[in-house]
Amino acid sequence: MSDPFPYFAAGEVVQGFGRGGKQLGMPTANMERAAVAALPEVLHTGVYYGFGCVDNGPVYEMVMSIGTNPFYNNEERSMEVHLLHEFENDFYGSRLRIIIAGHIRDMSNFPSLDALKAAMANDVVVAKERLADSSVTAYREHAHFKPSSAS
């Protein structure tokens, strides 16, 4: 299996299940179905880290899940991006561009909501550590995030 990183994606932010911010304390931007459908098979269900930007705004660190979220028994595969920044408002309908720089862990089920939240908090810690590595920091300045980028 070849290394898929970095992986570039873009798409519209769509309404999700509404539990990221409310129930989990970690708001997520759900990417449109076309972006999910375009994912290569090598990006299996799991938690990933990288960078992302909304419309033509600043580039932020991010952690994201790709999968069906077994704790909630979802049936449809999704891409849920948590940008490591506090936004004042929702940004449904905006264009989200991301670069996935690496894999944190496989998707798994959890015995409780608290266990899921603890794993997610750890994912953020791991993502920040890995994103500080000089081998990935340059992605923050990649042309994918420039306003003229058509992807």
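Gly46 stands opposite Asp106 in E6, and this pair is a handy way into the fold. The model is a predicted one, in which local features need pLDDT of at least 70, side-chain atom pairs count only at pLDDT 80 or more, and totals for chains, interfaces and linings use all residues. Residues are numbered from 1 along each chain as its sequence is written, and side-chain values use heavy atoms, with hydrogens and water left out.

**The overall fold**

The protein has 3 helices and 6 strands; here helices (H or I, at least four residues) and strands (E, at least two) are DSSP runs, numbered from the N terminus. Along the sequence they follow the pattern β-β-α-β-β-β-β-α-α. The 6 strands close into a barrel in the order E1-E2-E5-E4-E3-E6, with antiparallel pairing. On average, neighbouring strands of this sheet are turned by 45° against each other, direction ignored; the axes behind that angle are lines fitted to C-alpha atoms, for helices over the stretch in contact, and angles run from 0 to 180 degrees between N-to-C directions.

Of the 151 residues in the protein, 46% are buried. Buried means under 20% relative accessible area, exposed over 50%, and partly exposed in between (1.4 Å probe, protein chains only). The protein exposes about 8000 Å², and carbon and sulfur atoms supply 50% of that area; accessible areas come from the Shrake-Rupley method with a 1.4 Å probe, and for residues only the protein chains shown count as cover. Among contacts with a separation of 6 or more, 69% are between residues 24 or more positions apart, where contact means heavy atoms within 4.5 Å.

**Strand pairs around the barrel**

Two strands pair if DSSP finds at least two bridges between them.

| Strand pair | Bridges | Residues opposite each other |
|---|---|---|
| E3 and E6 | 9 bridges | Gly46 and Asp106 |
| E3 and E4 | 8 bridges | Gly52 and Tyr60 |
| E4 and E5 | 6 bridges | Ser65 and Glu80 |

Phe51 likewise stands opposite Glu61 in E4. Strand E4 is mostly covered, with 8 of its 9 residues buried, and E6 is mostly covered too, with 9 of its 12 residues buried.

The hairpin of E3 and E4 has 4 residues between the strands, and there Asp55 takes a positive phi near 50°. Asp55 has this positive phi although it is not a glycine. Asp55 counts as partly exposed because its relative accessibility is 36%.

**Two residues of E5**

Strand E5 holds Glu80, and this residue counts as buried because its relative accessibility is 14%. What does the side chain of Glu80 make a polar contact with? One partner is the side chain of Thr28, at 3.4 Å, and a polar contact of 3.3 Å joins the side chains of Glu80 and Ser78. A polar contact is a pair of N or O atoms within 3.5 Å; within protein, one must be able to donate a hydrogen and the other to accept it, and residues adjacent in sequence count only if both atoms are side-chain atoms. Leaving aside neighbours within four places in sequence, the residues in contact with Glu80 are Thr28, Ala29, Asn30, Val63, Met64, Ser65 and Asn69.

Leu83 is also placed in strand E5, and its 4% relative accessibility is why Leu83 counts as buried. Beyond four places in sequence, Leu83 is in contact with Gly52, Val54, Tyr60, Glu61, Met62, Phe91 and Leu96. Leu83 and Tyr49 are 34 residues apart in sequence, and their C-alpha atoms are 9.9 Å apart in space.

Helix H2 covers residues 113–131, and its 19 residues should span 27 Å at 1.5 Å a residue; the end C-alpha atoms are 27 Å apart, which agrees. The expected span is 1.5 Å times one less than the number of residues. Which residues are buried in H2? They are Leu116, Ala119, Met120, Asp123, Val124, Val126, Ala127 and Leu131. What covers these buried residues includes strands E3 (46–54), E4 (59–67), E5 (78–83) and E6 (95–106), along with helix H3 (134–137).
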